[in-house]
Amino acid sequence: MSSQTEDQPHTPITKWLFLVGGVILTAGLLFGYDQGVISGALVGIEKSFTVSTFMVEIITSWVTLGALVGALVAGVLSDKVGRKKAVLLAAVLFTFGALVEAFAPGAWVLVAGRLIVGFGVGVASVAAPLYAAEMAPTRLRGRFVSGYQFGITFGIFLAYLIDELLSSGDRWRLMLGISAVPAVLLIVLILPSSDTPRWFLTKGRRADAESALERIRPDDTAQAMAELEASVEGETEQAGWAEVFSRTWRRPLTIGIGLAVFQQVTGINAIIYYANKIFAAAGFITPQGQTAATTWAIGAVNVLATLIAVAFVDKLGRKPLLLAGLVGMSVSLAVVGVCFWFINRSGPTTTGGPSDAGLITLVALVVYIASFAFSLGPVVWTVINEIFPRNIRGRGVSIATAANWGSAWLVSQFFLSLVDTIGESGTFMLFAALSVVAFIWILKVLPETRGRSLEDIEQMWLDEPGQAASPAS
Ligand code: BGC
């Protein structure tokens with residue numbers, strides 16, 4: 001069965017595939033904007049409502065909790081109602097949540113808005129990459145799913161820029177409300193698209209599957225249909241949770257969750273959320289200096305380096321990119337750790353600007369962001385969306401994505417306390433050590449999935465030594 005579902009090398013990119021690209025980019029943009037915007041909005045929120053520090057933490061982090069729940073629900077949802085309707089629901093919820101946030105009369109209504117937005121982001125973070133992975137031709141699958149990460153990084157960058165632009169006065173409502181615009185765009189893009197041929201077939205809707213395939217593979221629809229039918233083999237029901245946790249699929253499940261957790265515990269969101277504070281500690285004393293460093297050294301570099309992954313993920317493969325990125329991340333985090341040790345020992349600079357150690361910190365953080373952006377950022381999402389067999393794909397992706405949101409929440413919630421307890425130096429050293437662990441783990445457990453069809457990957461797990469012969473063990 002190995003290469004029978006491999007598509008032709010010259011599968012044309014139809015206008016429908018462009019639409020899929022638009023959906024995935026916009027879904028990523030929503031995710032990223034949401035990650036990036038809150039740091040700038042908090043100042044205004046604190047002025048409008050009298051809120052305790054605890055409330056500030058809730059306003060910041062509950063969007064991630066909402067996303068965790070959304071991601072868990074999204075697996076079953078996208079198996080039941082389809083990938084398209086799940087994305088649509090996410091976009092509608094997101095639009096509604098953004099408006100609730102923008103017009104919130106008090107802090108608790110704002111929190112409710114944050115939860116709704118979070119839930120929408122969580123559903124979209126499962127359904128949209130899943131949709132793209134199942135629509136994309138094999139040879140472009142990595143690129144399509146990396147497009148999601150490109151959207152995320154662009155969203156973060158946009159949020160930093162808009163925060164800067166609207167930073168004066170009480171304009172936090174606008175900062176949060178603006179995210180309704182890409183949410184509406186997502187509705188507009190997903191409405192004319194169809195669901196994935198694979199999902200239609202698992203629901204026994206052969207004619208719909210065929211017309212969806214005609215749109216994305218007009219040149220060889222019949223062949224593609226035959227391949228897909230062979231791979232679905234009369235399976236019309238999605239498996240339940242027991243199958244997801246069965247011994248047969250333990251490897252992809254462990255890999256999916258492991259990658260999701262490592263993507264977060266190596267520090268990315270501590271830097272995305274708290275970049276201004278880190279730069280302040282490194283000696284960038286003016287708020288303008290801090291925001292400029294955050295917007296350009298973090299935001300823009302993050303976007304640009306993601307393009308490296310988009311260009312190479314289907315050429316070089318997933319594993320080389322992950323390993324190379326982790327080398328860059330470990331080294332740069334260790335350098336930041338050492339720099340902070342010097343900065344904290346020598347106290348504030350007398351000139352008022354960043355010290356040498358502060359400037360080296362800036363350079364090291366640029367190396368860190370660039371290394372993350374061409375590796376763990378996009379490749380983790382790509383791999384999570386291709387390793388699960390078709391009948392548990394929705395639920396598997398959903399568990400891994402929820403693990404990602406859970407770890408993102410932990411890191412963003414406890415980063416500042418960790419810094420208080422073990423200092424900046426110790427915290428960055430810890431992230432560096434975890435990057436080394438991630439490197440060794442990936443080197444040992446991750447098989448290369450580049451160029452393999454989704455059906456091929458499924459067979460690969462079944463062919464492993466010690467594996468039960470049937471998927472229903
Ligand atoms: C991660 C996000 C992170 C972003 C940064 C994504 O892959 O899942 O948590 O904020 O990359 O670019």
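Leu-253 has its place in helix 12, where helices (H or I, at least four residues) and strands (E, at least two) are DSSP runs numbered from the N terminus. The model is a predicted one, in which local features need pLDDT of at least 70 and side-chain atom pairs count only at pLDDT 80 or more, while totals for chains, interfaces and linings use all residues. Residues are numbered from 1 along each chain as its sequence is written, and side-chain values use heavy atoms, with hydrogens and water left out.

With a relative accessible area of 9%, Leu-253 is buried; here buried means under 20% relative accessible area, exposed over 50%, and partly exposed in between, with a 1.4 Å probe and protein chains only. Not counting residues up to four places away in sequence, Leu-253 touches Val-244, Phe-245, Phe-388 and Ile-399, a contact being heavy atoms within 4.5 Å. The C-alpha atoms of Leu-253 and Ala-400 are separated by 7.6 Å, although the two residues are 147 apart along the chain.

**The chain as a whole**

The secondary structure of the chain comes to 19 helices and zero strands. Along its principal axes, the C-alpha trace spans about 70 × 50 × 40 Å. The radius of gyration of the chain is 22 Å, which agrees with the value near 23 Å that a compact globule of 473 residues would have; this radius is taken over C-alpha atoms, and the globule rule is 2.2 Å times the number of residues to the power 0.38. Of the 473 residues in the chain, 60% are buried. Among contacts with a separation of 6 or more, 84% are between residues 24 or more positions apart. The accessible surface comes to about 17700 Å², and 69% of this belongs to carbon and sulfur atoms; such areas come from the Shrake-Rupley method with a 1.4 Å probe, and for residues only the protein chains shown count as cover.

**Cores and buried parts**

The largest nonpolar core has 123 residues, of which Leu-259, Ile-271, Ile-298, Leu-322, Ile-369, Phe-415 and Phe-428 touch the most other members. Helix 18 gives the most to this core, with 15 residues. A second, separate core of 21 residues includes Ile-59, Leu-110, Ile-162 and Leu-176. A nonpolar core is a set of buried Ala, Val, Leu, Ile, Met, Phe, Trp, Tyr and Cys residues joined through side-chain atoms within 4.5 Å. Leaving aside neighbours within four places in sequence, Leu-322 is in contact with Leu-259, Ser-375, Leu-376, Val-379, Val-380, Ile-442 and Leu-446.

Thr-401 lies in helix 18, which covers residues 393-445, and counts as buried at 0% relative accessibility. Apart from neighbours within four places in sequence, Thr-401 is in contact with Ala-71, Ser-125, Val-126 and Trp-381.

Helix 19 (residues 454-462) is largely enclosed by the rest of the structure, because eight of its nine residues are buried. The cover over these buried residues includes helix 4 (107-135), helix 5 (141-165), helix 8 (197-202), helix 10 (221-232), helix 12 (250-265) and helix 18. Among the buried residues of helix 19 are Glu-458 and Trp-461.

**Salt bridges**

The structure holds 14 salt bridges, a salt bridge being a side-chain nitrogen of Lys or Arg within 4 Å of a carboxyl oxygen of Asp or Glu.

Glu-458 lies in helix 19 and Arg-390 in the loop between helix 17 (376-384) and helix 18, so the pair ties together parts that are 68 residues apart in sequence. Both Glu-458 and Arg-390 are buried, and Arg-83 and Asp-79 are both buried as well. By contrast, Arg-205 is partly exposed at 36% relative accessible area, and Asp-208 is partly exposed at 28%. Asp-79 and Arg-83 also belong, with Glu-134, Arg-393 and Arg-395, to a network of linked salt bridges.

Val-327, Val-331, Val-335 and Ile-360 make a nonpolar surface patch of about 300 Å². Patches are made of residues with over 30% relative accessible area and no salt bridge, like charges being joined within 9 Å and nonpolar side chains (Val, Leu, Ile, Met, Phe, Trp, Tyr) within 5 Å. Helix 15 (residues 318-346) supplies the largest share of the patch, three residues. Ile-360 has its place in helix 16 (residues 356-374) and counts as partly exposed at 44% relative accessibility.
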